[in-house]
Amino acid sequence: MTQEHEEESLLSALLDGELEGPERVRLQKHLSSCASCSLELESLRKVKTILAKAPQKSMPAEWTCDFPLAFPALKNAQKSPSRASIFSQNWLIPALVAAAVSFAVSFWVFQNRSLFPLRQSLSLNANIQTPTPTNASSALSPIISNNLNQPQDRTP
Amino acid sequence: MIGPEEESFRQAEFVALLKKNGDKVYNFAFRLSGNEQDAWDLFQETLMKAYSRFESYDRSRPFDSWLFKILQNIYLDERRRISRKPASSLDAPSPFPGKPWEEILAGTDLSPLDRFTKEENIDLVQKALADLPPLYRTAVILCDMEGLSYEAIAEVMSCPVGTVRSRVHQARQLLKKSFEDLSNTPKDRQLQ
């Protein structure tokens with residue numbers, strides 16, 4: 001195109017309805033007297049028509065049926081599950097409570113099992129009351145027995 | 001952090017928007033990439049990115065334009081990554097080696113174009129599109145196949161409206177030349 005012709009891209013703008021006002025009027029006036037620009041406009045229109053007639057590709061149907069099922073990869077794109085979603089599980093809180101209670105009971109039983117034999121033996125010694133000065137092992141019995149039966153005075 | 005109810009509401013909203021706009025977005029992916037497999041990958045990646053950024057989507061704007069923009073950026077990034085050179089510059093070299101742009105753009109013989117239209121060589125459209133520089137291809141697909149206005153295209157492509165007008169026009173000029181060449185090529189060699 002020579003300088004007397006309009007800017008070429010204006011032809012496409014006119015074709016697309018994107019030209020308004022004085023520019024549109026000026027171009028239309030030019031087209032009425034310029035065969036080469038009119039031919040150019042017509043060829044652009046044909047290109048546009050060819051593109052518009054091209055068949056549209058549709059999105060695969062399974063995408064719209066079940067979102068998470070059709071797009072499992074999307075789950076991985078999300079952030080890690082929130083705390084709210086974890087604690088919203090109905091079974092989780094009772095399970096945690098049961099686990100805590102069983103742990104506490106086990107701990108209590110374990111502690112008491114280790115104490116029971118000592119307490120039993122101490123109580124037995126206190127009840128027998130057979131001090132023998134010559135028996136070194138039983139010499140401690142009255143002391144222990146007193147410690148068990150009498151409150152300790154810890155004041156200095 | 002969002003709860004499960006909010007998450008399911010978010011999914012439902014996304015799916016509803018996708019049902020309305022998914023076909024257009026998939027078609028755009030197909031026309032840009034040129035084949036079903038690449039279109040599928042591009043489409044999936046676009047939806048993944050869109051969903052992960054769904055909070056940032058402005059509900060007052062068209063959803064399809066938002067997806068087009070994400071898709072176009074993914075496509076161009078991928079092309080740049082593959083080619084290791086800017087494939088989308090307006091100063092891009094001529095798509096036909098040895099032929100300057102002026103030579104490609106010249107020519108007003110309409111008979112091959114008429115023949116191309118008349119013979120309904122619609123399947124060859126994709127081949128002609130594939131020969132376009134990516135930014136020209138994007139602009140003309142959005143304009144002539146998706147029906148977007150120049151302003152909407154400018155938003156998708158993050159460029160001025162005048163640039164869109166220029167790209168659409170250049171793309172049509174190149175397509176016209178390609179259609180004419182394809183029309184003059186024997187049928188058994190057209191898709192080679």
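Contact here means heavy atoms within 4.5 Å.

The structure is a predicted model, in which local features need pLDDT of at least 70 and side-chain atom pairs count only at pLDDT 80 or more, while totals for chains, interfaces and linings use all residues. Residues are numbered from 1 along each chain as its sequence is written, chains are lettered from A and ligands numbered from 1 in the order in which they are written, and side-chain values use heavy atoms, with hydrogens and water left out.

**Figure 1. Chain A is built from 8 helices and 0 strands.** Helices (H or I, at least four residues) and strands (E, at least two) are DSSP runs, numbered from the N terminus. Along chain A the elements run α-α-α-α-α-α-α-α. Of the contacts in chain A between residues at least 6 apart in sequence, 38% join residues at least 24 apart. Chain A has 156 residues, and 25% of them are buried; buried means under 20% relative accessible area, exposed over 50%, and partly exposed in between (1.4 Å probe, protein chains only). The accessible surface of this chain is about 11,300 Å², with 60% belonging to carbon and sulfur atoms. Such areas come from the Shrake-Rupley method with a 1.4 Å probe, and for residues only the protein chains shown count as cover.

**Figure 2. Chain B is built from 9 helices and 0 strands.** Its pattern along the sequence is α-α-α-α-α-α-α-α-α. Chain B has 192 residues, of which 51% are buried. Among its contacts with a separation of 6 or more, 67% are between residues 24 or more positions apart. Chain B exposes about 9,200 Å², and carbon and sulfur atoms supply 51% of that area.

**Figure 3. A salt bridge joins B:Arg172 to A:Asp16.** A salt bridge is a side-chain nitrogen of Lys or Arg within 4 Å of a carboxyl oxygen of Asp or Glu. In this pair the closest N and O atoms are 2.6 Å apart. The pair crosses between chains: B:Arg172 lies in helix α9 (residues 161-184) of chain B, and A:Asp16 lies in the loop between α1 (9-15) and α2 (21-31) of chain A. B:Arg172 is buried, at a relative accessible area of 0%, and A:Asp16 is also buried, at 17%. Both residues belong to a network of salt bridges that links A:Asp16, A:Lys48, B:Asp144 and B:Arg172. Over all chains, the whole structure has 15 salt bridges.

**Figure 4. A:Glu42 and A:Arg45 form a salt bridge within chain A.** The closest N and O atoms of the two residues are 3.5 Å apart. A:Glu42 and A:Arg45 are separated by about one helical turn because they stand 3 residues apart in helix α3 (residues 35-53) of chain A. A:Glu42 is partly exposed, with a relative accessible area of 32%. A:Arg45 is partly exposed as well, with 38%.

**Figure 5. The second largest pocket holds about 340 Å³ of space.** Among the 15 residues that line this pocket, the closest to its centre are B:Asp38, B:Leu42, B:Tyr75, B:Glu78 and B:Ile82. Two or more lining residues come from each of α1 (4-33), α2 (36-52) and α3 (63-83) of chain B. The largest share, 6 residues, comes from α3(B). By class the lining has 6 nonpolar, 1 polar and 8 charged residues. Ala, Val, Leu, Ile, Met, Phe, Trp, Tyr, Cys and Pro count as nonpolar, Asp, Glu, Lys and Arg as charged, and the others, Gly among them, as polar. A pocket is an open set of points on a 1 Å grid over the protein atoms alone, where a 1.4 Å probe fits, with protein on both sides within 12 Å along at least five of seven lines; lining residues have an atom within 4 Å of a point. Grid points are joined across faces, edges and corners, and a volume is the space filled by probe spheres set on the points.

**Figure 6. B:Glu78 forms a salt bridge with B:Arg81.** The closest N and O atoms of this pair are 2.7 Å apart. Both residues lie in helix α3 of chain B, 3 residues apart, about one turn of the helix. B:Arg81 is partly exposed, at 46% relative accessible area, and B:Glu78 is partly exposed at 33%.

**Figure 7. B:Asn27 lies in helix α1 of chain B.** At 0% relative accessibility, B:Asn27 counts as buried. B:Asn27 touches A:Pro55, A:Gln56, A:Lys57 and B:Glu146, leaving aside residues up to four places away in sequence.
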